[in-house]
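Open the model in your viewer and follow the selections below. The tour goes from the whole chain to single pairs of side chains.

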Amino acid sequence: FKNDLKTINKEIKSYNTIFNYWNSFFKTYNVKIFFSWFLYDKNHIAISEAIKNNQGISAIWQMAFNGTPYVECITVSDIFFTYSNLTSKINNKTGSKCKYQVITGYPKDYAFSIIKNKDKEVRKKLESAGAQNIIAIFDENSQPDDRWHTGVDLQIENYEYAINKILKNPKLGVIFKPKSPKTLRKRLYKINQLLDEAIATGRCHIFEETSRYTSAISPVYAGFNADIAVHSHLSAGTAAIECALNNIRTLLIDREGVPFDLLNELPKNKIVFNSWEKAFDNILEYFESEKQLKDFGDWSSYLDLFDPFRDGKAAYRIGTYLESILDGYKNNKDREIIMQEAAESYADKWGEDKIIINNE
């Protein structure tokens with residue numbers, strides 16, 4: 001077992017290095033709260049232990065929705081701010097260790113009203129070129145090795161199918177909102193000319209604005225400029241959920257085949273489709289019916305699963321919770337007492353069912 005032992009010792013050394021660095025940092029600067037969204041590597045586990053060793057508290061907020069309990073999403077933290085009871089259960093299934101899970105709703109919902117009131121410039125542009133019905137399409141990036149992510153070929157097929165549809169149908173318009181626009185053209189190398197043809201019609205728009213790594217445009221803004229929003233992946237459906245929470249008719253396409261994802265429990269051939277062909281047949285039927293198919297892309301019966309509040313105050317709830325923790329430290333209270341009182345105060349204001357305590 002020499003190789004096994006070597007691997008284990010390497011991980012132990014890595015843990016100790018991370019722990020010692022952050023332990024020293026927290027002690028030097030008297031840090032009592034560590035707050036982050038990044039739970040996607042092992043580092044946050046050592047950081048959580050380091051802040052605890054300094055009588056501090058670690059808190060992580062849920063940035064993205066994962067309908068499958070991926071091992072990469074294991075979370076170790078004193079407090080985990082999560083969307084809903086459903087997302088809390090998914091978090092537990094990963095093997096996460098969080099003493100307090102606090103249900104807050106979707107943390108970025110404060111921006112929805114601002115985005116909704118923005119001018120629909122993209123829609124106007126597409127309509128001026130003849131588009132009568134507009135589809136917003138989101139992707140989930142891609143990597144060259146399709147064993148670890150959606151492959152480049154799958155992503156090319158997603159774009160190519162939609163582009164061919166609008167080239168053949170002068171009433172259709174499409175808005176592409178790629179997750180990583182900076183690398184999009186490189187990844188779509190086979191169909192760049194076809195994409196340019198679509199753009200030349202005036203009925204195709206790509207949001208190319210980029211932040212540090214990903215798109216700088218909210219999926220909701222793309223959705224508000226369209227009649228139907230389509231997330232071309234199911235295993236990471238945060239963009240779809242954002243649109244659905246804003247009552248935008250939204251579809252999911254499960255081309256990869258993720259049968260155990262909780263999003264796959266949504267109505268088949270109304271919200272969830274297993275191919276572009278089937279989805280587009282239904283989209284065209286929806287448009288031809290003059291948008292009279294009331295349950296098509298309609299998530300209204302399921303929104304409580306993803307956000308029981310839907311009031312634009314999720315970030316406010318997180319902020320005031322952290323403020324109550326900070327007040328506890330200002331009053332020189334013990335970390336366990338601080339967390340208990342913060343949970344009780346939150347439960348009194350927002351409901352006892354919005355705090356889940358794991359006493360293990």
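Start with the whole chain of this predicted model. For 360 residues, a compact globule would have a radius of gyration near 21 Å, and the protein chain, at 23 Å, agrees with that. Along the principal axes, the C-alpha atoms fill a box of roughly 65 × 55 × 35 Å. Switch to a cartoon: the protein chain has 13 helices and 11 strands. Colour by accessibility next; 51% of the 360 residues count as buried.

Now show the charged side chains. There are 47 positive and 47 negative ones, and the centres of the two sets lie 3 Å apart. The salt bridges number 17.

Select Glu11 and Lys42, whose closest N and O atoms are 2.9 Å apart in a salt bridge. Glu11 sits in helix α1 (residues 2–29), while Lys42 is in the loop between β1 (33–36) and α2 (43–53), 31 residues apart. Glu11 is partly exposed at 37% relative accessibility, and Lys42 is partly exposed at 41%.

Move to Asp295 and Lys270, a salt bridge of 2.8 Å from N to O. Asp295 belongs to the loop between α11 (276–288) and α12 (314–330) and Lys270 to the loop between β9 (250–253) and β10 (272–273), so the pair ties together parts 25 residues apart in sequence.

Then select Asp304 and Arg310, which form a salt bridge with the closest N and O atoms 2.7 Å apart. Asp304 counts as exposed at 51% relative accessibility, whereas Arg310 is partly exposed at 38%.

Finish with Asp78, Lys99, Arg335 and Glu336, which salt bridges link in a network.

Conventions. Residues are numbered from 1 along each chain as its sequence is written. This is a predicted model: local features need pLDDT of at least 70, side-chain atom pairs count only at pLDDT 80 or more; totals for chains, interfaces and linings use all residues. Side-chain values use heavy atoms; hydrogens and water are left out. Helices (H or I, at least four residues) and strands (E, at least two) are DSSP runs, numbered from the N terminus. The radius of gyration is taken over C-alpha atoms; the globule rule is 2.2 Å times the number of residues to the power 0.38. Buried means under 20% relative accessible area, exposed over 50%, partly exposed in between (1.4 Å probe, protein chains only). Lys and Arg count as positive and Asp and Glu as negative; His and the chain ends are not counted. The place of a charge is taken as NZ of Lys, CZ of Arg, CG of Asp or CD of Glu. A salt bridge is a side-chain nitrogen of Lys or Arg within 4 Å of a carboxyl oxygen of Asp or Glu.
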